[in-house]
Amino acid sequence: MQLIGNVNTFMFNHFGAIDRRKYVQQLVTLRNSNEAIVSLLMSIKVYKSNKIKSALGYAYLKRDEIRLHPGLFDQDDILYTELEATFIHELCHHAVWKIYGNVDSHGIEWKYTMWHLGHEPEVTHNAPTRKYRQRKFNRDVEEILEQLSF
Ligand SMILES: [Zn+2]
């Protein structure tokens, strides 16, 4: 297992300063979030793990760790998109844990957080086409807005 950095440096190195700033602002503006929570999120450690087989990433909530599949780091545009999607997916688990506590892992709070950060709230990232994904995303956003009660 290789330590890549914390969330703050990982976002700077992989997504750039502008996107990092955008994500920080989106995390701060989540319902019930605040700057102290976001600063804890930014200190979460990010690892490249060779032990990951059946998933692209894991969020170890109590250890403050995100572990990512090493294949995500290959130089490839499609994989690069997957790296960002997987990283944000796992980061949202940590955000939900710190802001909303022990709730369903892919429940309404997680979906809301993913949507707020501009990502499709999908458990896996292999929907067949972009058009399909966009339609599904729009549907999910409508459902989330209907169900929001926290
Ligand atoms: Zn998940």
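## Basis of the description

Two strands are said to pair if DSSP finds at least two bridges between them. Helices (H or I, at least four residues) and strands (E, at least two) are DSSP runs, numbered from the N terminus. The structure is a predicted model, in which local features need pLDDT of at least 70 and side-chain atom pairs count only at pLDDT 80 or more, while totals for chains, interfaces and linings use all residues. Residues are numbered from 1 along each chain as its sequence is written.

## Overall architecture

The protein chain contains five helices and four strands. Along the sequence these elements follow the pattern β-α-α-β-β-β-α-α-α.

Of the 150 residues of the protein chain, 27% count as buried; a residue is buried if 20 or more other C-beta atoms lie within 10 Å of its own, exposed if 12 or fewer, and partly exposed in between, with C-beta atoms placed from the backbone. Contacts are defined by C-beta atoms, placed from the backbone, that lie within 7 Å. Among the contacts in the protein chain with a separation of 6 or more, 52% are accounted for by residues 24 or more positions apart.

## The sheet

The four strands form an open sheet in the order S1-S2-S4-S3, with mixed pairing. S1 and S3 are the edge strands, each pairing on one side only. On average, neighbouring strands of this sheet are turned by 20 degrees against each other, direction ignored. Strands of a sheet pair through backbone hydrogen bonds, either parallel or antiparallel.

Strand S1 (residues 2–6) pairs with strand S2 (residues 45–48) in the antiparallel sense over four bridges, and Gly5 stands opposite Val46 in S2. S2 is in turn joined by four bridges to strand S4 (residues 65–68), and these two run parallel. Within S4, Arg67 is the bridge partner of Tyr47, and Leu68 stands opposite Lys48. S3 and S4 pair in the antiparallel sense, again over four bridges, with Ile66 in S4 as the bridge partner of Ala59.

## Helices H1 and H2

Helix H1 (residues 7–28) packs against helix H2 (residues 35–42) at an angle of about 160 degrees, with the axes 12 Å apart. H1 is therefore roughly antiparallel to H2. Axes here are lines fitted to C-alpha atoms, for helices over the stretch in contact, and angles run from 0 to 180 degrees between N-to-C directions. Angles under 35 degrees count as roughly parallel, over 145 as roughly antiparallel, 65 to 115 as roughly perpendicular and the rest as oblique.

H1 passes H2 in a right-handed crossing; a crossing is right-handed if the near helix is turned clockwise from the far one by less than a right angle, and left-handed if anticlockwise. On the H1 side the contact is made by Val7, Asn8, Val24, Leu27 and Val28, and on the H2 side by Glu35, Val38, Leu41 and Met42. These residues divide into seven nonpolar, one polar and one charged, where Ala, Val, Leu, Ile, Met, Phe, Trp, Tyr, Cys and Pro count as nonpolar, Asp, Glu, Lys and Arg as charged, and the others, Gly among them, as polar.

## Tyr60 in strand S3

Tyr60 lies in strand S3 (residues 57–60). Tyr60 counts as partly exposed because 15 C-beta neighbours lie inside 10 Å. Apart from its neighbours within four places in sequence, Tyr60 is in contact with Glu65 and Arg67. Tyr60 and His94, which are 34 residues apart in sequence, are 8.1 Å apart in space, C-alpha to C-alpha.

## Loop residues with positive phi

Asn32 is found in the loop between H1 and H2. Its phi is near 70 degrees, a positive value in a residue other than glycine. With 10 other C-beta atoms within 10 Å, Asn32 is exposed.

Asp64 is placed in the loop between S3 and S4. The hairpin of these strands has four residues between them, and in it Asp64 takes a positive phi near 55 degrees. Asp64 counts as partly exposed because it has 17 C-beta neighbours inside 10 Å.

Conventions
Contact = placed C-beta atoms within 7 Å.
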